[in-house]
Amino acid sequence: KKARAAWQETIRGISPDNAVLITRQNRKGSMILPGQSIFILETEPAGYIIYAANEAEKAANITLCEAHAVGAFGRLTLAGREADIEVAAHAALGAVERINQGAT
């Protein structure tokens, strides 16, 4: 099955209250700090999210908050400085496109 980015969103300038709420939901130790931006990506099928996460981490200095590859859709959540998130998002989306081209 072809990979597709089913949904994506970048949220810039997280407030202190929202940083606490988001971090509280994810109790795995990766914190989102006030002022950071976050990028959320969902792929179909779910397994491709791991490749996208790997490419994003190689491309920029970001925090991998979640890479969930179970079910029909995989979900990736990244946090970091706005410029780093832009680079990481571009790398993650590019990875999904390359899967369909057969080049990894």
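1. The model is predicted.

2. The surroundings of Ile 49 deserve attention. Neighbours within four places in sequence being set aside, Ile 49 is in contact with Leu 41, Thr 43, His 68, Ala 69, Gly 74, Arg 75 and Leu 76. As for Val 70, its C-alpha atom is separated by 9.8 Å from that of Ile 49, and the two residues are 21 residues apart along the chain.

3. Helix α2, spanning residues 48–59, packs with helix α3, spanning residues 82–101. Their axes are 8 Å apart, and the angle is about 140°. The two helices are therefore oblique to each other, and their crossing is right-handed.

4. Which residues make the contact between α2 and α3? On the α2 side they are Tyr 48, Tyr 51, Ala 52, Glu 55, Ala 56 and Ala 59. On the α3 side they are Val 87, Ala 88, Ala 91, Ala 92, Ala 95, Val 96, Arg 98 and Ile 99. Sorted by class, this contact has 12 nonpolar and two charged residues, with no polar ones.

5. The largest nonpolar core has 17 residues, of which Phe 39, Leu 41, Ile 62, Leu 76, Leu 78, Ala 88 and Ala 92 touch the most other members. At least two residues of this core come from each of β2 (37–44), α2, β4 (74–80) and α3. Helix α3 gives the most, with six residues.

6. Ala 92 illustrates how these elements meet. Residues up to four places away in sequence not being counted, Ala 92 touches Phe 39, Leu 41, Ala 52, Ala 56 and Leu 76. There is also a second, separate core of seven residues, among them Ile 14, Ala 19, Ile 38 and Cys 65.

7. Apart from residues up to four places away in sequence, Asp 84 touches Ala 60, Asn 61 and Ile 62.

8. A last point concerns the backbone. Most peptide bonds are trans. The bond from Glu 44 to Pro 45, however, is cis, with omega near -5°. Pro 45 is found in the loop between β2 and α2.

Note on methods. Residues numbered from 1 in each chain as written. Predicted model: local features only at pLDDT ≥ 70, side-chain atom pairs only at ≥ 80, totals over all residues. Heavy atoms only, no water. Axes fitted to C-alpha atoms, helices over the stretch in contact; angles between N-to-C directions. Helix = DSSP H or I, 4+ residues; strand = E, 2+ residues; numbered from the N terminus. Parallel < 35°, antiparallel > 145°, perpendicular 65-115°, else oblique. Left-handed = near helix turned anticlockwise from the far one by under 90°. Contact = heavy atoms within 4.5 Å. Nonpolar A, V, L, I, M, F, W, Y, C, P; charged D, E, K, R; others polar. Core = buried A, V, L, I, M, F, W, Y, C linked by side-chain atoms within 4.5 Å. Buried < 20%, exposed > 50% of the residue type's maximum accessible area, 1.4 Å probe, protein only.
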